[in-house]
Each structure stands twice: as C-alpha cells, then as structure tokens.
Amino acid sequence: MATTAQNPDSIRIRRIYEAPDGGYRVLVDRLWPRGVSKARAELDEWLKDLAPSTELRKWFGHREERWTGFQDRYREELAANPEVPDFSRDCASRPDTVLLYGARSATENEAAVLREYLLGLAGRP
C-alpha cells in the first residue's frame, strides 16, 4: 500500500523547550522532557512507541561518535515498528506535523532521524 507523497516542509522538527509555533505537535521521546509542563508543551500526541528503545537511547547517550550507528539502529527499529505506517499516513494527511524532541542537538536527535525516515516512506509502495 502506498502512502501519500509528502512535501518535505509538511514535517518539521523542533525542540520542545522552544515556544510553540503551531502545527500538529507530537513528542517523539520515550521520556518526558525535564522542566516542561504538559500545559506548556501544548502537545497533540505523545508517541513513546515511535521513540528509540531504551537500550538504544542509553547506548547512544548523545555521544557524537555514535551518531551514525544510532541512525542505523534506529532506522532498523522503525522498520520493525508496526505503528510507523499508520503514523506516516497521519502525517501525510496533515499540512504541518511538528516532531518534538528534548535533546540539545538540533541535528543529532531522534526526531531528525524519524522525519527523514517518514519522508522516505512517502510514495513508496
């Protein structure tokens, strides 16, 4: 079954500590971010099951030298995750999905990998 083709701008990533700026806001961390109240987060969904496994998260530990390995392992987890196709279809049906993360790095975080993965699924049979 093919998913609807997505505009790359239809899925954004944003650090949860930044002020909300619209869109359908989805937290993709397994753990709730420290110091953020649920009211301030203004979430539409919290999808813990799309986040990296606890084992992978602990192994990575946001160590730069493990970034490539983290991406590969997380993509494997996403490929085996039965919730990913439904979420991909949901994203394709929305004009603006915002994947929220708590990590300090704007480029080396699970939301960046998930966004890339979802965009790669778009239009694929």
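Which residues does Thr97 touch, not counting residues up to four places away in sequence? Thr97 touches Ser10, Ile11, Arg12, Tyr24, Val26, Phe87 and Cys91, where contact means heavy atoms within 4.5 Å. This is a predicted model, in which local features need pLDDT of at least 70 and side-chain atom pairs count only at pLDDT 80 or more, while totals for chains, interfaces and linings use all residues. Residues are numbered from 1 along each chain as its sequence is written, and side-chain values use heavy atoms, with hydrogens and water left out.

**Thr97**

- Thr97 lies in strand β4 (residues 97-101); helices (H or I, at least four residues) and strands (E, at least two) are DSSP runs, numbered from the N terminus.
- Thr97 counts as buried because its relative accessibility is 0%; buried means under 20% relative accessible area, exposed over 50%, and partly exposed in between (1.4 Å probe, protein chains only).

**Helix α3**

- Helix α3 (residues 67-80) has 14 residues and should span 20 Å at 1.5 Å a residue, which agrees with the 20 Å between its end C-alpha atoms. The expected span of a helix is 1.5 Å times one less than its number of residues.
- The buried residues in α3 are Trp67, Phe70, Gln71, Tyr74 and Leu78.
- Seen down the axis of α3, these buried residues fall within an arc of 100 degrees, so they line one face of the helix. The arc is that of the directions from the helix axis to the C-beta atoms.
- An α-helix has 3.6 residues a turn, so residues three or four places apart point the same way.
- Exposed residues Glu76, Ala79 and Ala80 sit on the face of α3 turned away from its buried side.
- The cover over the buried residues of α3 includes α2 (54-60), α4 (84-92) and α5 (110-121).

**Helix α5**

- From its first C-alpha to its last, α5 reaches 16 Å over 12 residues, close to the 16 Å expected at 1.5 Å a residue.
- Helix α5 is mostly covered, with 9 of its 12 residues buried.
- Those buried residues are Glu110, Ala111, Ala112, Val113, Leu114, Tyr117, Leu118, Leu119 and Leu121.
- β1 (11-15), α3, α4 and β4 are among the elements that cover the buried residues of α5.

**Loop residues**

- Glu42 is in the loop between α1 (38-41) and β3 (45-46). Its phi is positive, at about 50 degrees, although Glu42 is not a glycine.
- With a relative accessible area of 48%, Glu42 is partly exposed.
- His62 is in the loop between α2 and α3 and has a positive phi of about 55 degrees although it is not a glycine.
- His62 counts as partly exposed, at 47% relative accessibility.
- Lys48 is in the loop between β3 and α2 and is partly exposed, with a relative accessible area of 37%.
- Leaving aside neighbours within four places in sequence, Lys48 is in contact with Asp29 and Arg30.
- Lys48 and Leu118 are 70 residues apart in sequence and 16 Å apart in space, C-alpha to C-alpha.

**Largest pocket**

- The largest pocket has a volume of about 540 Å³.
- Of the 18 residues that line the largest pocket, Asp29, Leu31, His62, Gly102 and Ala103 are the closest to its centre.
- On a 1 Å grid over the protein atoms alone, a pocket is an open set of points where a 1.4 Å probe fits, with protein on both sides within 12 Å along at least five of seven lines; lining residues have an atom within 4 Å of a point.

Methods. Points joined across faces, edges and corners; volume = space filled by probe spheres on them.
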